[in-house]
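Reader: Please take me through this model. I want to know what stands behind each term you use.

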Amino acid sequence: MKHLRAVNKKARRIEDLALQDVVALQGMAPPPPGLHVPMGCTFVFTPGWEVDSAGGAAGLCQPLERDIYDCYVDCYWPAQVPDHLNNYPDWASKCASAMSDWRSLDLVFP
Amino acid sequence: MTGTYRTGEFHAFTGAGRRFLYLVPSGGIFELDEAAGAVIDKVTHGEHSGGELVAHLVARGIGAEDAADVIEEMVQSRALVSGAPVLGVTHDPPADFPLQTLVLNLTNQCNLSCEYCYEFGEDKVATPEGKPKFMDFETAKTSVEFLLDKSRGRRSVHITFFGGETLMNFPLLKQVVGYGNEQAKAQSRTIDFSLTTNATLLTPAIIEFLSANRIGVTVSMDGPKDMHDKLRVFSNGKGSYDIIEPKVRALIQSHRTRPITARVTLTSGGTDVVRIFRHLKHDLGFHEVGFAPVTTSPDRLYAINDRGMDGVLEQFHALAAEYLEYALRGEMHGFSNVSDTLAELHQGISKSHPCGAGLGLVGVGPSGDIAPCHRFVDSDRHAMGHVSSGIDRGKQTDFLRRGNIDTKYDCHTCWARPVCAGGCHHEAFVRYGDTGHPNLHYCDWIRDWTDTCLGIYGAIAAERPEFLEYFAERKAA
């Protein structure tokens, strides 16, 4: 590096890494598929029901609003969202995208 | 170059008038040239596209190609970042992490009654009732074998003798040194020994033994007589200074094979750091003097309050400035707190855990019980196995998971976390009742101190880089 001078040992390792062939890095094996299998909250620790490492929700692997559908669509267990199979089939019909439209979710008075 | 760039995570500092970045969490230290500095200044005030940054540099008289190089280097080192935040992946340390250091508590008995003692004082975690007071040779032998067995792959390992007062069981210390050397030699390996003592029981014969066997010595001592005698007292309340002063002088004069270190506990009654340092380093002749504030709950009389701690830091700064003068002349100053931090900064370590406790280092009590470190020895709550049966992996994993920086959310926005990692497990337990709790009461001081040492590091790197060779080898527990 010309403009950043590596001073300590770790910096020299970063520099070495930067010098490595970028193409070689790109050729590395992709991560194995299927790391997150949506099988319901009792089988996997669903990403989203948590905060990220900074204590916020910005860095989660899926938007936090997506959580709504974890209980609503693919879960048979009575949860804190209306059940769409029998009683409230239209609960989310105005909400095309949870990220932007969550305010349009219907109010429900059981 | 597409998208916009913002500053990565780093702490910017200057040393000898030059600009540096301490990158977080990698721990890399880079010096900036003028162009890189200009980019940092620009991006600090808001995100910019690559094109804007290049234009900014070109307007300052830098060639377009060169300007693009600047941006690329800064992206490679993560001084500049773009896109969504990248989260690091958490890893547990390998379960078979080889041991490096065993702290052997030869006895839990002590002939002093220092008020602030973490082993006997008001905040103690030890539960020694019904346990042996002195380690026997069988347990010590098993401990040595345990260390050699669990440190495979390491040519040299370390045993630190500890107490109680270590020298109250000197006969065993002698036996362990003999046995340890013999066992290590049979495996073409070496064991390096050291001990911590209050110096009250040193005799010429003991000093000769320590010197002949190259055993490193740390003396717990709190300064000149008036300060030392405040809390480092015998059970009748009488200070120990007059007893140890001639012994310490004899030790420093006769023990020439290893540096002799003083370890000072700072309390509310003794925060005159410069005076303590002058006395221990210049009057008594210790090679190195290290300071640590007493570990205590905040309401103890001897606890240092925030104001007192600010005073301590002020004096740390004075000594640190002196350290830099020495270093630039190529001389060792002897203020351990700077040397220790410089050593970590030079390696660029980025810690998953604040120290090696429970990982490369464990403590062993007189009974043979294993503890994460000497400060937890004899505590039922913290025991993790026995030297005869090995480390209890479940308890070890629990301890290490708690202490991992990944679980300390408070630390995730702090730039000093690569060196601090939340701080001492034992202090966290005393303060917050959980070894995995970040030590939030000293965050500001840690950042202040790390910044001071970075400044010194930068100045040395700029003006006398060969001095940093002292820190070339990594000391790790």
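**Terms and values**

Author: Chain B has a mean pLDDT of 93, and 98% of its residues reach 70 or more. pLDDT is the predictor's confidence in each residue, from 0 to 100. This is a predicted model: local features need pLDDT of at least 70, side-chain atom pairs count only at pLDDT 80 or more, and totals for chains, interfaces and linings use all residues. Residues are numbered from 1 along each chain as its sequence is written, while chains are lettered from A and ligands numbered from 1 in the order in which they are written.

Reader: What scores does the predictor give the complex?

Author: An ipTM of 0.87 and a pTM of 0.82.

Reader: What makes residues of chain A and chain B count as in contact, and how many does each chain supply?

Author: Two residues are in contact if their C-beta atoms, placed from the backbone, lie within 7 Å. The contact takes 18 residues from chain A and 28 residues from chain B. On the chain A side, strand E1 (4-6) and helix H1 (9-19) each supply at least two residues. H1(A) gives the largest share, five residues. Helices (H or I, at least four residues) and strands (E, at least two) are DSSP runs, numbered from the N terminus.

Reader: How does the chain A side divide by class?

Author: Into eight nonpolar, five polar and five charged residues. Ala, Val, Leu, Ile, Met, Phe, Trp, Tyr, Cys and Pro count as nonpolar; Asp, Glu, Lys and Arg count as charged; the others, Gly among them, count as polar.

Reader: How do you know that E1(A) pairs with strand E4 (residues 29-32) of chain B?

Author: Two strands pair if DSSP finds at least two bridges between them. E1(A) and E4(B) have three bridges, in the antiparallel sense. Leu4(A) has Leu32(B) as its bridge partner.

Reader: Which strand of chain B is joined to E4(B) by three bridges?

Author: Strand E3 (residues 18-23) of chain B, also antiparallel. Phe20(B) stands opposite Glu31(B). The E3(B)-E4(B) hairpin has five residues between the strands, and Gly27(B) takes a positive phi near 85° there.

Reader: Which way do the residues of E4(B) point, and are they buried or exposed?

Author: Ile29(B) and Glu31(B) point one way, Phe30(B) and Leu32(B) the other. All are buried. In a regular strand the side chains alternate between the two faces of the sheet.

Reader: Why is Asp66(B) called partly exposed?

Author: A residue is buried if 20 or more other C-beta atoms lie within 10 Å of its own, exposed if 12 or fewer, and partly exposed in between; C-beta atoms are placed from the backbone. Asp66(B) has 14, so it is partly exposed. Asp66(B) sits in helix H3 (residues 64-76) of chain B. Asp66(B) and Ala35(B) are 31 residues apart in sequence, and their C-alpha atoms are 9.3 Å apart.

Reader: What makes E5 and E6 of chain B edge strands?

Author: The open sheet has three strands in the order E5-E1-E6 (chain B), with antiparallel pairing. Strand E5 (48-49) and strand E6 (80-81) of chain B each have a single partner strand, so one side of each is left without a neighbour in the sheet. Strand E1 (residues 4-7) of chain B is joined to E6(B) by two bridges. Arg6(B) stands opposite Val81(B) in E6(B).
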